[in-house]
Amino acid sequence: MELVEAIENRRSIHDFRQEEVPEGLLNEIFTSASWAPTHRMKEPWQIYMFQEEGKQVYADLVLQSYTRKGFFEGYSKEKSQRMKQGIHEFLVNIPHHALIFMEKDANEHKYEEDYAAVCAFIQNVQLLAWEKGVGGLWTTSPYLHDDEFIKGVGLNPSLHKLIGVIQMGYPKKVPKAKPRTSMEDKYTLFNYNFKNSVY
Ligand SMILES: Cc1cc2nc3c(=O)[nH]c(=O)nc-3n(C[C@H](O)[C@H](O)[C@H](O)COP(=O)(O)O)c2cc1C
């Protein structure tokens with residue numbers, strides 16, 4: 001697949017087939033993704049992959065977090081129970097949840113560099129997966145900022161920053177592309193002496 005084709009045709013996948021992606025293929029995808037740019041060669045990305053039975057605990061932790069954040073408040077006990085069951089089922093039906101995190105650098109500049117490198121890594125994962133017919137959804141849900149959730153997955157909120165979860169699996173449905181804004185609206189050329197024209 002041409003690079004441009006992967007970049008333009010990759011879509012965020014919300015519907016996955018009930019089929020695991022082979023471990024070897026996931027390993028190949030994550031290994032190639034690690035060629036992402038990384039200042040000072042920090043390679044800050046770390047991955048916890050929740051799959052098979054591991055998804056049960058993961059889904060429980062997500063639901064506990066939603067409960068703490070008041071997501072189910074205002075609903076009857078029965079209704080909130082049904083909502084919880086629905087979310088649990090939805091989460092365990094997604095074949096793989098790749099939680100991507102990094103160690104927090106105390107220096108703000110280095111923290112930003114590390115964060116940026118991990119984002120480049122995540123997009124590499126999405127593109128490499130797409131090339132192999134594997135779909136992904138990059139998510140940043142509120143539980144990533146919930147200290148109890150962070151502790152629940154065995155990490156330390158003072159030391160670790162959760163950056164995203166890539167939900168992964170073979171696509172059941174590929175959504176239509178959402179059009180992008182013309183580069184004419186985004187791209188400004190400075191090929192002249194601009195000293196007196198910017199403020
Ligand atoms: C940092 C980041 C966080 C995202 N978080 C979510 C999310 O929580 N839920 C979701 O449905 N999509 C999420 N997305 C996916 C975007 O909604 C998606 O990329 C956008 O709608 C464009 O669709 P496309 O990726 O198919 O081109 C996220 C994307 C990025 C880059």
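Visitor: In this predicted model, which side chain of opposite charge is nearest to Arg10, and how many Å away is it?
Guide: Arg10 is buried yet forms no salt bridge. A salt bridge needs a side-chain nitrogen within 4 Å of a carboxyl oxygen. The nearest side chain of opposite charge is 12 Å away, and it belongs to Glu8.

Visitor: Where is Arg10, and which residues is it in contact with?
Guide: Arg10 sits in the loop between helix H1 (3–9) and strand E1 (15–16). Leave aside its neighbours within four places in sequence. Its contacts are then Glu5, Gln123, Gln126, Leu127, Trp130 and Arg180.

Visitor: What is the order of the strands in the open sheet?
Guide: The open sheet has four strands, with antiparallel pairing. Strand E2 (46–51) and strand E4 (135–139) are the edges, as each pairs on one side only. The twist averages 25° from one strand to the next. The order is E2-E3-E5-E4.

Visitor: Which residue in E3 stands opposite Ile47?
Guide: E2 and strand E3 (residues 96–103) pair in the antiparallel sense over six bridges. Opposite Ile47 stands Ile100.

Visitor: At about what angle does helix H5 run to E5?
Guide: Helix H5 covers residues 108–131. It lies across E2, E3, E4 and strand E5 (160–169). Its angle to E5 is about 5°.

Visitor: Is Glu52 buried or exposed?
Guide: Glu52 is in the loop between E2 and helix H3 (54–68). It has a positive phi of about 45°, although it is not a glycine. Exposed means over 50% relative accessible area. Glu52 has 52%, so it is exposed.

Note on methods. Residues are numbered from 1 along each chain as its sequence is written. This is a predicted model: local features need pLDDT of at least 70, side-chain atom pairs count only at pLDDT 80 or more; totals for chains, interfaces and linings use all residues. Side-chain values use heavy atoms; hydrogens and water are left out. Two strands pair if DSSP finds at least two bridges between them. Helices (H or I, at least four residues) and strands (E, at least two) are DSSP runs, numbered from the N terminus. Axes are lines fitted to C-alpha atoms, for helices over the stretch in contact, and angles run from 0 to 180 degrees between N-to-C directions. Contact means heavy atoms within 4.5 Å. Buried means under 20% relative accessible area, exposed over 50%, partly exposed in between (1.4 Å probe, protein chains only). Lys and Arg count as positive and Asp and Glu as negative; His and the chain ends are not counted.
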